[in-house]
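Here is a short report on one chain.

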Amino acid sequence: MPIRVTELEFINSHGSKFSSGSDGRTPGAAKLSFEVKDGECWLIWGRSGSGKSVLLQLLGGLLSPAAGQIERLGDSARGIGLVFQYPEQQFFGTTVDEDLGFGLRQRGLSETQIEERAQEVLSWLGLDYAAIATRSPYALSSGEQRRLAIAAVLMHKPAVLLLDEPVSGLDAKSCRALIKCLGRLKQERRLTMVWSTTRARYAAALADQVIVLADGRQVW
């Protein structure tokens, strides 16, 4: 599912709480046009407050642009998965298995289907289902928690994975491990990804295209 952005207008938060207009549309201050193609990895780089998170939420459909258009093309049955910054703070299951399978259980999938899917997804991210399924998510290392949070989104088979600061707060070793896993997703699974980050050096090698934001505007 490629994403086509045409004359998109939005505004950054400058570190303050982002507020939309009374009609739910975001105030406009910048225009962006680009197209993310299937299997590509796009990097959105900029300092804190530059508008990276807002842009991802626009791409994910959580916010509406003030002007312009975002088209989600291709297989409409497959959606867009958004992994927020510090997603491990949002775990709600008492075990890894419970957290991974919650949404799929609500959709009526069997425990066998859920377990098979969990084993596959965790293996993509360098985690062993059998070793961690019954453990609390908070018993894992910070790097493992971050990969688990990404796995929880991948359980739903999104066509596009949006990652808001995926390496934020991780040490160098955990950053390298996560980037290696995401590289495999790009190369072996052909997963389309869009990342935001302030730490471009960890992700630059995987990026097919780069957008640099400053004060809510594209500067490169």
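What share of the contacts in the chain with a separation of 6 or more comes from residues 24 or more positions apart? The share is 74%, where contact means heavy atoms within 4.5 Å.

This is a predicted model, in which local features need pLDDT of at least 70 and side-chain atom pairs count only at pLDDT 80 or more, while totals for chains, interfaces and linings use all residues. Residues are numbered from 1 along each chain as its sequence is written, and side-chain values use heavy atoms, with hydrogens and water left out.

**Overall**

The chain has seven helices and nine strands. These are DSSP runs, numbered from the N terminus: helices are H or I with at least four residues, strands E with at least two. Of the 220 residues, 48% count as buried. Buried means under 20% relative accessible area, exposed over 50%, and partly exposed in between, with a 1.4 Å probe and protein chains only.

Helix α1 spans residues 52-59. Six of its eight residues are buried, so the rest of the structure largely encloses α1. The buried set is Lys52, Val54, Leu55, Leu56, Leu58 and Leu59. Just after α1, glycine 61 takes a positive phi of about 85°.

**Helix packing**

| Pair | Axis distance | Angle |
|---|---|---|
| α3 and α5 | within 9 Å | roughly 135° |
| α2 and α3 | 10 Å | about 135° |

Axes are lines fitted to C-alpha atoms, for helices over the stretch in contact, and angles run from 0 to 180 degrees between N-to-C directions. The angle makes α3 oblique to α5. Angles under 35 degrees count as roughly parallel, over 145 as roughly antiparallel, 65 to 115 as roughly perpendicular, and the rest as oblique.

The α3 and α5 crossing is right-handed, meaning that the near helix is turned clockwise from the far one by less than a right angle. From α3, Arg117, Val121, Leu122 and Trp124 make the contact; from α5, Leu148, Ala151 and Leu154 do.

α2 and α3 are likewise oblique to each other, and their crossing is right-handed. Leu100, Gly101, Leu104 and Arg105 of α2 meet Glu111, Ile114, Arg117, Ala118 and Leu122 of α3.

**Aromatic pair**

The whole structure holds three aromatic pairs. In one, phenylalanine 92 and phenylalanine 102 have ring centres 4.9 Å apart and planes at 80°, so the pair is edge-to-face. Rings of Phe, Tyr and Trp (its six-membered ring) pair if their centres lie within 6.5 Å; planes under 30 degrees apart are stacked, over 60 edge-to-face, and the rest tilted. Phenylalanine 102 is partly exposed, at 41% relative accessible area.
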